[in-house]
Amino acid sequence: MIELLLITTVPTMILAQGGFPSWWLIVATLVGGSAAAGSANTLNMVYDRDIDAVMNRTKNRPLVTGEITPRAGLMFGLALGAFSVVWLWLTVNWVAAVLALAANLMYTVGYTMLLKRHTSQNIVWGGAAGCMPVLIGWAAVTGSLDWAPLLLFGIIFFWTPPHYWPLSMKFRQDYASAGVPMLPVVVADTRVARQMIGYCVAMVACSLALIPVAGMGWLYSIAAVASGAWFGGACVALYRRAVAGNARKLGAMKVFHASITYLTLVFVAISIDPFLPF
């Protein structure tokens, strides 16, 4: 997830530049972004080590097994976070540094501490932290924000629920055992799938709105329409399988993998489009 969202940073920087930014700026931005993301993940695992211990997919994390102590994890996470802010401030600009700090706080405090264990909409609002790399990438090039990066933010924001909820369907027993109220744990699959379709529609709308706002060309336009229709079809197919009521053949992970392919296709198109002559 982090690798994929960091990869969205480079296409955003290309779009902001209208060409290829300097290699140094790209490397500096990715180093700072990686450190900020690593900090957020580390602090998340420090805080969540109690529930990680009862979930099969997380029970072997080093803070659960005792390989790393909570104090060491906390110090490492804070050090990475401080480094990311200072690094981006000195090598990129203060706007990117502040956005990286905001993303870290949104994830560690907003999602991990306040939302994750208390609301089924945790990933919706907590997922906003994962949208910040596009804002950081745009600010790294321009020193400011505009409507185009906000639409890119919207694409990832509305993409997050139909990306993550299928994974939650697959591991719903883990979340239920840990007392984490992910939406697929507390409501029927049909209701989850309906909401996924709604978020997918909003996601595609943002991707299409980017065409006039950022002056996107034919390649991106085709990619946005085709990949959006394809991923939307995957969500509709999941809904139909949920209505059929066969949990063993729900195929949630197919939609999860399709979501990754969708976002990859859209941002690859964003990175290529500025170089085309028309």
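The legends below accompany an overview and several close-up views of one predicted protein model.

In this predicted model, local features need pLDDT of at least 70 and side-chain atom pairs count only at pLDDT 80 or more, while totals for chains, interfaces and linings use all residues. Residues are numbered from 1 along each chain as its sequence is written, and side-chain values use heavy atoms, with hydrogens and water left out.

**View 1**
Helices (H or I, at least four residues) and strands (E, at least two) are DSSP runs, numbered from the N terminus. Along the principal axes, the C-alpha atoms fill a box of roughly 50 × 50 × 25 Å. Of the 278 residues, 50% count as buried, where buried means under 20% relative accessible area, exposed over 50%, and partly exposed in between (1.4 Å probe, protein chains only). Among contacts (heavy atoms within 4.5 Å) between residues at least 6 apart in sequence, 73% join residues at least 24 apart.

**View 1. The surface and the charged side chains of the protein are considered together here.**
The accessible surface comes to about 12500 Å², of which 68% belongs to carbon and sulfur atoms; such areas come from the Shrake-Rupley method with a 1.4 Å probe, and for residues only the protein chains shown count as cover. There are 16 positive and 9 negative side chains, and the centres of the two sets lie 12 Å apart. Lys and Arg count as positive and Asp and Glu as negative, whereas His and the chain ends are not counted; the place of a charge is taken as NZ of Lys, CZ of Arg, CG of Asp or CD of Glu.

A search of the whole structure finds zero disulfides, a disulfide being a pair of cysteine sulfur atoms within 2.5 Å. C200 counts as buried because its relative accessibility is 4%, and C235 counts as buried at 0%.

**View 2. The loop between α13 (189–214) and α14 (218–244) includes G217.**
With 17% relative accessibility, G217 counts as buried. G217 and F278 are 61 residues apart in sequence, yet 6.4 Å separates their C-alpha atoms in space. In helix α14 lies S221, which counts as buried at 19% relative accessibility. When neighbours within four places in sequence are left aside, S221 is in contact with I211 and M216.

**View 3. A205, in helix α13, counts as partly exposed.**
The relative accessibility of A205 is 45%. Between A205 and A224, which are 19 residues apart in sequence, the C-alpha to C-alpha distance is 9.6 Å.

**View 4. D48 lies in the loop between α3 (23–47) and α4 (49–52).**
D48 counts as buried because its relative accessibility is 0%. Not counting residues up to four places away in sequence, D48 touches T112, K116 and R117.
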